[in-house]
Amino acid sequence: MHFGGSYYALTQNYGSWQDAQDEAVALGANLVAIGSPKENAFLTTFIAQERCRGCTPNMCNIAWIGYRDTGGGNWGWINGEPVTYTNWYPGEPNLSAEDYVHMVRSSWDDSQARWNNLFDVPSYEWYVTFGPINGVVEVSGAIPEPSTLIIWSLLGALGTGLGWWRRRKRAV
Ligand SMILES: [Ca+2]
Ligand SMILES: [Ca+2]
């Protein structure tokens, strides 16, 4: 799904924050960095739509994002983007051992999904059960079509080969 120059997808597997980030890296990307209320609002809807394909409706609204404790209570985006926006739940981040961040829109709050720091666990099963968690992967910028890349590399190889053959013929 495209929004504001980025491409977004949910991780295929449920898991911990690190599982989700590993899956993002395998795709050549990172977990999402959220830079504005507009991006947060887009993701609130996106997560609900995507998770509702596989979860029961009251578990639709949770996902890992690329925000984590970089040490000593300092928070940062895993892709290195500067922090321009946060949307913590009131009272969060709380426990200092909860180093990983998910967004969630709870049933008693129908506004944008807010953020909570959590242990690196694969599922949210505390006083409210949101179930197993996916992560949101973000790829910034345009993605070249694979078929286009193959054609360009073939043309490049053909051009190089012809040039070499012509030069060789002239030299003889
Ligand atoms: Ca972003
Ligand atoms: Ca927390």
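**The largest nonpolar core**

Modeller: The largest nonpolar core has 30 residues, and those with the most contacts inside it are L31, V32, L43, A63, W64, I65 and V136. The model is a predicted one. Two or more residues of this core come from each of β2 (6-10), α1 (17-26), α2 (37-51), β4 (62-71), β6 (100-104), β7 (114-118) and β10 (134-140). β4 gives the most, with 5 residues. In soluble globular proteins, nonpolar side chains tend to be buried together.

Leaving aside residues up to four places away in sequence, V32 touches Y8, L43, I65, G66, V136, V137 and E138. Among these partners, L43, I65 and V136 are also listed with V32 as having the most contacts inside the core.

Next comes α1, one of the elements that give two or more residues to the core. Its buried residues are W17, A20, Q21, E23 and A24. Seen down the helix axis, they fall within an arc of 160°, so they line one face of α1. These buried residues pack against β3 (30-31), β4, β6 and β10. After α1 comes G28, with a positive phi near 75°.

β6 and β7 both contribute to the core as well. The two strands run antiparallel and are joined by 5 bridges. One pairing links M103 to W115 of β7, as bridge partners. In β7, 4 of the 5 residues are buried, so the strand is largely enclosed by the rest of the structure.

A contrast to this is A97, in the loop between β5 (74-77) and β6. A97 has 9 other C-beta atoms within 10 Å; a residue with 12 or fewer is exposed, so A97 is exposed. The C-alpha atoms of A97 and L118 are 8.1 Å apart, although 21 residues separate the two along the chain.

As for the setting, the chain holds 3 helices and 10 strands. Along the sequence these follow the pattern β-β-α-β-α-β-β-β-β-β-β-β-α. Of its 172 residues, 28% count as buried. Among contacts between residues at least 6 apart in sequence, 67% join residues at least 24 apart.

Key
Residues are numbered from 1 along each chain as its sequence is written. Chains are lettered from A and ligands numbered from 1 in the order in which they are written. This is a predicted model: local features need pLDDT of at least 70, side-chain atom pairs count only at pLDDT 80 or more; totals for chains, interfaces and linings use all residues. A nonpolar core is a set of buried Ala, Val, Leu, Ile, Met, Phe, Trp, Tyr and Cys residues joined through C-beta atoms within 7 Å. A residue is buried if 20 or more other C-beta atoms lie within 10 Å of its own, exposed if 12 or fewer, and partly exposed in between; C-beta atoms are placed from the backbone. Two residues are in contact if their C-beta atoms, placed from the backbone, lie within 7 Å. The arc is that of the directions from the helix axis to the C-beta atoms. Two strands pair if DSSP finds at least two bridges between them.
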